[in-house]
Amino acid sequence: MKKKSLILSMLIGLFTAISFAQDSEYFDDLADTKDYTAVELAKHESDFSIFLEFLEASGLDTSVEYADGFTIFMPTNEAFGEMEVEKLSKLTNPDNKMKLVEFVKHYIVPEKVLKNQFNSSQVITVSEDESIKINTEMNGQSVDVGGANIIESDIETKNGIVHVIDQLITPTNYFASSY
């Protein structure tokens, strides 16, 4: 029994160490992220180029650039690898710009939210019939937003907060209270 407890404690310690080690993967070459807007930060890291392209093509980059007090969930390029080619084609088709705008809006919350402010009873309302579920575990150390894990959190920018996520956000179709 003591051996199982020791192994469990070691595993928890390992996962905690790994999650803290990941907290310094992005923007290390910048002296202070608060000197940059979220868009400027995205331009400094090639790992966010796909999201940046989507943001610019949607036209929401200007809003994000000049807005103040928002949270952006920034997916890595690897996260887009799971997107079906057909969906990618539809989103990048200029005739479907409104769908692209809707997609990008899933990643932007119009207020600053730090990782420790999330809890499992929250949802982010996207539309009348779509919402994004928040799930927290390990006393808030692990936060899942619509199926995407926050892998680097609370990156303060000149005009908001950035959380790096490892997957694309998947809204669900059920009634949810407003965030």
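In what order do the 7 strands of the open sheet lie? In this predicted model, where local features need pLDDT of at least 70, side-chain atom pairs count only at pLDDT 80 or more, and totals for chains, interfaces and linings use all residues, the order is S2-S1-S7-S6-S5-S4-S3, with mixed pairing. Residues are numbered from 1 along each chain as its sequence is written, and side-chain values use heavy atoms, with hydrogens and water left out.

Strands (E, at least two residues) and helices (H or I, at least four) are DSSP runs numbered from the N terminus, and two strands pair if DSSP finds at least two bridges between them. The edges of the sheet are strand S2 (108-109) and strand S3 (123-125), each of which pairs on one side only. Strand S1 (residues 70-75) pairs with S2 in the antiparallel sense over 2 bridges, and Val 109 in S2 is the bridge partner of Thr 71.

Under the rule that a salt bridge is a side-chain nitrogen of Lys or Arg within 4 Å of a carboxyl oxygen of Asp or Glu, the count is 1 salt bridge. The side chains of Glu 86 and Lys 90 form a salt bridge, with 3.6 Å from N to O, and both residues lie in helix H5 (residues 85-92), 4 residues apart, about one turn of the helix. With buried meaning under 20% relative accessible area, exposed over 50% and partly exposed in between (1.4 Å probe, protein chains only), Glu 86 is exposed at 54%, whereas Lys 90 is partly exposed at 44%.
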